[in-house]
Each structure stands twice: as C-alpha cells, then as structure tokens.
Amino acid sequence: VQLVESGGGLVQVGGSLTLSCAASGRSFSSLCMGWFRQPPGKEREFVAAIGWSGATSYADSVKGRFTISRDNAKNTVYLRMNSLKPEDTALYSCAAGARPVVAVDRVDSWGQGTQVTVSS
C-alpha cells in the first residue's frame, strides 16, 4: 500500500493542525492505520492508531489533545492535533498494517512523512 501524508507545517504553541494520509493499492477498510513521529535527534515513536473497526489507541503524551479518525470512502486517515506544544515538533509519518500499528514492528507500510514544527 502507498501512503501520502499532507497537512504539516509551522504552528504556534497552543495551535492546531490536521494531518491527512491518503492510501492506495490495497483495500483501505481492512487496514489498521496509525501515526508515528520522530522528533529531532530522537527515535521514532508511536502517536496514535485506528483499527479497521474504528477502535483507537493513543500515546500518553497526546491523549486528550490528538484525535485519529478515518474515512474509508476517501481511503484517508486523519490526525487532528490540538493544543500543540514545542515537544510535538517532529516528522510525522503515516503507517499501515494488517495488525494494530501500535509499534514500529507492526507496520507494513510507511509514508514519506510530513514535518510539524511548533514554535514557542
């Protein structure tokens, strides 16, 4: 499956952004989808995941601020990010897999990433 992210950019502390990930090449509705991020100088980390049934999981650091959703008719998964903090600055990557993508080793396909920078 091919994944293409969009929606990153520069935002001030407390602001909001919505990332989108368009998928192609495989039945989207059967895929588990998720978002990971890699802050500068750090390893990639899990952010949020959504299963084919719509069940969601979040990293503790984003609970209550980020919301993952999917639109199977548009083959797209979204990440709505509110109350952004400087520590949210990272390269955000979309991920897909046959199992819940809550860890790097669960991911079958990656997008190229979109940069999010939160300025203080």
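Predicted model: local features only at pLDDT ≥ 70, side-chain atom pairs only at ≥ 80, totals over all residues.

Visitor: Where does Ser 120 lie relative to the strands?

Guide: Ser 120 sits in the segment after strand 11.

Visitor: And what does Ser 120 touch, leaving out residues up to four places away in sequence?

Guide: Val 13 and Pro 86. Pro 86 is 34 residues from Ser 120 in sequence, and their C-alpha atoms are 6.4 Å apart.

Visitor: OK, zooming out. How many helices and strands are in the chain?

Guide: There are 0 helices and 11 strands. Reading from the N terminus, the elements go β-β-β-β-β-β-β-β-β-β-β.

Visitor: What about the radius of gyration?

Guide: The chain has 13 Å. For 120 residues a compact globule would come in near 14 Å, so the chain agrees with that. The C-alpha trace spans about 40 × 25 × 25 Å along its principal axes.

Visitor: What share of the residues counts as buried?

Guide: 42% of the 120 residues. As for the accessible surface, the chain has about 5,800 Å², and carbon and sulfur atoms account for 48% of that.

Visitor: How many positive and negative side chains are there?

Guide: 12 positive and 9 negative, with the centres of the two sets 4 Å apart.

Visitor: Let's go inside. Which residues touch the most other members of the largest nonpolar core?

Guide: Met 33, Trp 35, Val 77, Leu 79, Met 81 and Tyr 92, out of 33 residues in that core.

Visitor: Which elements give two or more residues to this core?

Guide: Strand 3 (17-24), strand 4 (32-38), strand 5 (45-50), strand 7 (66-71), strand 8 (76-81), strand 9 (90-97) and strand 11 (114-119). In soluble globular proteins generally, nonpolar side chains tend to be buried together.

Visitor: Pick Val 77 for me. What does Val 77 touch beyond four places in sequence?

Guide: Quite a list: Leu 19, Ser 20, Cys 21, Phe 28, Met 33, Trp 35, Ile 50, Ile 68, Ser 69, Arg 70 and Cys 94.

Visitor: Ser 20 is on there. Where is Ser 20 found?

Guide: In strand 3. Setting aside neighbours within four places, Ser 20 contacts Val 4, Glu 5, Ser 6, Trp 35, Thr 76, Val 77 and Tyr 78.

Visitor: And how many residues separate Ser 20 and Ser 69 in sequence?

Guide: 49, while the C-alpha to C-alpha distance is 9.7 Å.

Visitor: Now Thr 76, which Ser 20 contacts. Why does Thr 76 count as buried?

Guide: Because its relative accessible area is 9%, and buried means under 20%. Thr 76 is part of strand 8.

Visitor: Which residues does Thr 76 touch, again skipping those up to four places away?

Guide: Ser 20, Cys 21, Ala 22, Phe 28, Ser 69, Arg 70 and Asp 71. With Phe 28, the gap is 48 residues along the sequence and 8.2 Å between C-alpha atoms.

Visitor: Switching to backbone angles. Which phi value does Asn 75 have?

Guide: Near 55°, which is positive in a residue other than glycine. Asn 75 is in the loop between strand 7 and strand 8, and is partly exposed at 28% relative accessible area.

Visitor: And what's the phi of Ser 83?

Guide: About 50°, positive again although Ser 83 is not a glycine. Ser 83 belongs to the loop between strand 8 and strand 9. Its relative accessible area is 41%, so Ser 83 is partly exposed.

Visitor: Last one: where is Arg 99?

Guide: In the loop between strand 9 and strand 10 (109-110). Arg 99 counts as partly exposed, at 46% relative accessibility.

Visitor: What does Arg 99 touch, not counting residues up to four places away?

Guide: Cys 32, Asp 105 and Arg 106. Cys 32 is 67 residues from Arg 99 along the chain, with 6.0 Å between the C-alpha atoms.

Notes. Residues numbered from 1 in each chain as written. Heavy atoms only, no water. Helix = DSSP H or I, 4+ residues; strand = E, 2+ residues; numbered from the N terminus. Rg over C-alpha atoms; globule rule 2.2 N^0.38 Å. Buried < 20%, exposed > 50% of the residue type's maximum accessible area, 1.4 Å probe, protein only. Areas by Shrake-Rupley, 256 points an atom, 1.4 Å probe, with all protein chains shown as cover. Lys, Arg positive; Asp, Glu negative; His and termini not counted. Charge placed at Lys NZ, Arg CZ, Asp CG, Glu CD. Core = buried A, V, L, I, M, F, W, Y, C linked by side-chain atoms within 4.5 Å. Contact = heavy atoms within 4.5 Å.
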